[in-house]
Amino acid sequence: METPASPASPSPSAPPSFVGQSLKKAKAAAHSAGYSALSHDASDSDDGQWDDGNWKVCFQTVADKRVGSMPTLDFGVVRNEWPCPGKDGEPIPYPEMPHVVGQNFEEASTRLKPLALRAIEAESAYTDVTLPSAVEDWTVCFQAPEAGEGINHPKSITAYLKVTAPDTACPKTELTELHPAPTPPGTDGSDVPSPSSTDSSDEVAVAVKSNETIVRL
């Protein structure tokens, strides 16, 4: 009579995914699930993770070596404000400043919100116009940073949007007055009389000296 084969040992279940969580929360949750955790910079840099709360998990794998007696997860992480690279170890695809000129301030702010900038501030497109308390329907005439500029450190960047009232056209250039003061007479050169070609003060006496004789023409 054949001895029945011993049942196979159940394979350990796959670890839960912690991708998308902050590194601090992911480490705590992994430990609760029976795993220890390591982390590394998921970009093409090699920055250390000094504060786990400032990083988020983009990738996770089971580490080849255990830390202590527990199975270990290796988290590939980037800073919270940065997008994850396409693959672990690739450059970070930093976002670019979008083009918001021509939109109203509310639309532009909504467009910029996903960048997690330090702030979005409205300024008057005309130097002699004071902004009201609400400018949601005012039109963006100029923007800084310019469209297409890379946003590498959004928490240190403030977007400045120069706006004008809904029924007022944008100036052609910055630092323009909507109602410039009139030019005082004479300051533009239009009132300065032109010299006369027959003015006696323009007569020229030409002296030609030959030896000691002076001939005046």
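Among contacts in the chain between residues at least 6 apart in sequence, what percentage join residues at least 24 apart? The figure is 64%, where a contact means heavy atoms within 4.5 Å.

This is a predicted model, in which local features need pLDDT of at least 70 and side-chain atom pairs count only at pLDDT 80 or more, while totals for chains, interfaces and linings use all residues. Residues are numbered from 1 along each chain as its sequence is written, and side-chain values use heavy atoms, with hydrogens and water left out.

The chain contains two helices and eight strands. Both kinds of element are DSSP runs numbered from the N terminus: helices are H or I with at least four residues, and strands are E with at least two. Along the sequence they come in the order α-β-β-β-α-β-β-β-β-β. Of the 217 residues in the chain, 26% are buried. Buried means under 20% relative accessible area, exposed means over 50%, and partly exposed lies in between, using a 1.4 Å probe and protein chains only. The accessible surface of the chain is about 14,900 Å², and carbon and sulfur atoms account for 52% of that. These areas come from the Shrake-Rupley method with a 1.4 Å probe; for residues, only the protein chains shown count as cover.

Within α2, the residues F105, A108, S109 and L112 are buried. Viewed down the helix axis, the buried residues of α2 fall within an arc of 100°, so they line one face of the helix; the arc is that of the directions from the helix axis to the C-beta atoms. Among the elements that cover these buried residues are β4 (119–124), β5 and β6.

The next topic is the nonpolar cores. A nonpolar core is a set of buried Ala, Val, Leu, Ile, Met, Phe, Trp, Tyr and Cys residues joined through side-chain atoms within 4.5 Å. In soluble globular proteins, nonpolar side chains tend to be buried together. The largest core here has 16 residues, and L112, L117 and L161 have the most contacts inside it. Both α2 and β6 supply at least two residues each to this core. A second, separate core has 10 residues, including A30, Y35, V57 and L73. Returning to L161, and leaving aside residues up to four places away in sequence, its contacts include F105, A108 and L112, as well as I120, V140 and F142.

The last topic is the disulfides. A disulfide is a covalent bond between the sulfur atoms of two cysteines. Here one is counted when a pair of cysteine sulfur atoms lies within 2.5 Å, and the count is two. One joins C58 to C84, with 2.0 Å from S to S. C58 counts as buried because its relative accessibility is 8%, whereas C84, at 31%, counts as partly exposed.

The other disulfide joins C141 to C170, also with 2.0 Å from S to S. C141 lies in strand β5 (residues 139–144) and C170 in the loop between β6 (158–164) and β7 (207–210), so the link ties together parts 29 residues apart in sequence. C141 is buried at 8%, and C170 is partly exposed at 35%.
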